[in-house]
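Colleague: I've got a model open and I'd like to learn how to read it. Could you walk me through some features?

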Amino acid sequence: MSDYIISCCSTADLNEEHFKSRDIKYICFHFQLDGKDYPDDLGKSISFKEFYDSMAKGAMTKTSQVSVGEYIEYFESFLKAGKDIIHLTLSSGISGTLNSATIARDQLKDKYPDRKLYVIDSLAASAGFGLLMDKLAELRDMGMSIDQLYQWTIDNRLRCQHWFFVSDLKYLVRGGRVSKVAGAIGNALNICPLMNVDYLGRLIVRSKIRGKKNVIKATVDKMEELAENGLKYDGECFISNSDCYEDARAVADMIEERFPNLKGRVKIYSIGTTIGSHTGPGTVALFFWGNQRID
């Protein structure tokens, strides 16, 4: 049994069963749906189906990160029990939650001088964040110390590749990532942007592909190009989706056919309400271990 816990935000977008089975602790973000407050609690307070159906009908969403006070209460529950903590936050390129967690850590230092509390920017999001946390759980269970795990995370977090596409641009328009004119033209032409998370943890549009069938192939082609050992990739592969399981399954089927050495089958999760508030329904995201992100 390790003498420390590994922890993250609910935005790692794994399911409750996965978090519990790997002994990964998490703290919840918050969101509003048409002005009503909810915790981003893995679909327990409101189902993902209901959430995305509401968005598709025009409901407005708003998200809020974990406050300093919430982090202090959360961290202290483990520190009081004599546990050290390694906590990863949602990418600083997407959220300011790193700052809140860092302030909380600094405020707790003097109160718990004998405890270690590492706060790390994951530079990751959704189930890519989850893939990283899953690996940390594996290394912890293999006996890696908290100091070793901290350094491994710093050295390897950018090897977690994120590639995703959206099939409806109106949510990117709403969030200001795409102009109204470009969004209208793109939807008329059936454009599906292929995006990734860059080395600074930001969402970046990499190419504009016409048609869902073509963007699904382009997404899997990116895995072939960038995965560790190419087509011989033998690591895990996670996919997350926002109420478009059939599209996610199409990507997974293509990957399982093309990469015969995968570690188990592709695992498919739901994009949570924090990330989904910005991407909207119809998003598929692919995550795997590969080349370090350098741009």
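This is a predicted model: local features need pLDDT of at least 70, side-chain atom pairs count only at pLDDT 80 or more; totals for chains, interfaces and linings use all residues.

Colleague: Let's start with helix pairs. What describes two packed helices?

Modeller: The general idea is that you give the angle between the two axes and the distance between them. Take α3, residues 68–79, and α4, residues 97–109: their axes come within 8 Å and cross at roughly 50 degrees. The crossing of α3 and α4 is right-handed.

Colleague: Which residues of α3 and α4 make the contact?

Modeller: From α3 it's Val-68, Tyr-71, Ile-72, Phe-75, Glu-76 and Leu-79. From α4 you have Thr-97, Ser-100, Ala-101, Ile-103, Ala-104, Gln-107 and Leu-108.

Colleague: How do α9 and α10 pack, in angle and distance?

Modeller: Their axes are 10 Å apart, at an angle of about 40 degrees. That makes α9 and α10 oblique to each other, and their crossing is right-handed. On the α9 side, Lys-212, Ile-216, Lys-217, Val-220, Asp-221, Met-223 and Glu-224 take part. α10 brings Asp-247, Ala-250, Val-251, Met-254, Ile-255 and Arg-258. The contact of α9 with α10 splits into seven nonpolar and six charged residues, with no polar ones.

Colleague: What about α10 by itself? How many residues does it have, and how far does it reach?

Modeller: α10 covers residues 245–258, which is 14 residues, and reaches 20 Å from first C-alpha to last, close to the 20 Å expected at 1.5 Å a residue. Its buried residues are Asp-247, Ala-248, Arg-249, Val-251, Ala-252 and Ile-255. These buried residues pack against α9 (212–226) and the strands β8 (160–166), β11 (237–241), β12 (267–270) and β13 (283–289).

Colleague: Now backbone angles. Which value of phi does Asp-13 have?

Modeller: Phi of Asp-13 is near 55 degrees, a positive value in a residue other than glycine. You'll find Asp-13 in the loop between β1 (4–9) and α1 (16–21).

Colleague: Asp-34 has a positive phi too, about 50 degrees. Where does Asp-34 lie?

Modeller: Asp-34 sits in the loop between β3 (30–33) and β4 (36–39).

Colleague: Are Asp-13 and Asp-34 buried or exposed?

Modeller: Buried means under 20% relative accessible area, and exposed means over 50%. Asp-13 has 3%, so it is buried. Asp-34 has 55%, so it is exposed.

Colleague: What does Asp-34 touch beyond its sequence neighbours?

Modeller: Leaving out residues up to four places away in sequence, Asp-34 touches Ala-59 and Met-60. Asp-34 and Gly-58 are 24 residues apart in sequence and 9.2 Å apart in space, C-alpha to C-alpha.

Colleague: And how far apart are Arg-210 and Glu-224?

Modeller: They are 14 residues apart in sequence and 21 Å apart in space, again C-alpha to C-alpha. Arg-210 belongs to strand β10, residues 203–210, and at 53% relative accessibility Arg-210 counts as exposed.

Definitions and conventions. Residues are numbered from 1 along each chain as its sequence is written. Side-chain values use heavy atoms; hydrogens and water are left out. Axes are lines fitted to C-alpha atoms, for helices over the stretch in contact, and angles run from 0 to 180 degrees between N-to-C directions. Helices (H or I, at least four residues) and strands (E, at least two) are DSSP runs, numbered from the N terminus. A crossing is left-handed if the near helix is turned anticlockwise from the far one by less than a right angle, and right-handed if clockwise. Contact means heavy atoms within 4.5 Å. The expected span of a helix is 1.5 Å times one less than its number of residues. Buried means under 20% relative accessible area, exposed over 50%, partly exposed in between (1.4 Å probe, protein chains only). Angles under 35 degrees count as roughly parallel, over 145 as roughly antiparallel, 65 to 115 as roughly perpendicular and the rest as oblique. Ala, Val, Leu, Ile, Met, Phe, Trp, Tyr, Cys and Pro count as nonpolar, Asp, Glu, Lys and Arg as charged, and the others, Gly among them, as polar.
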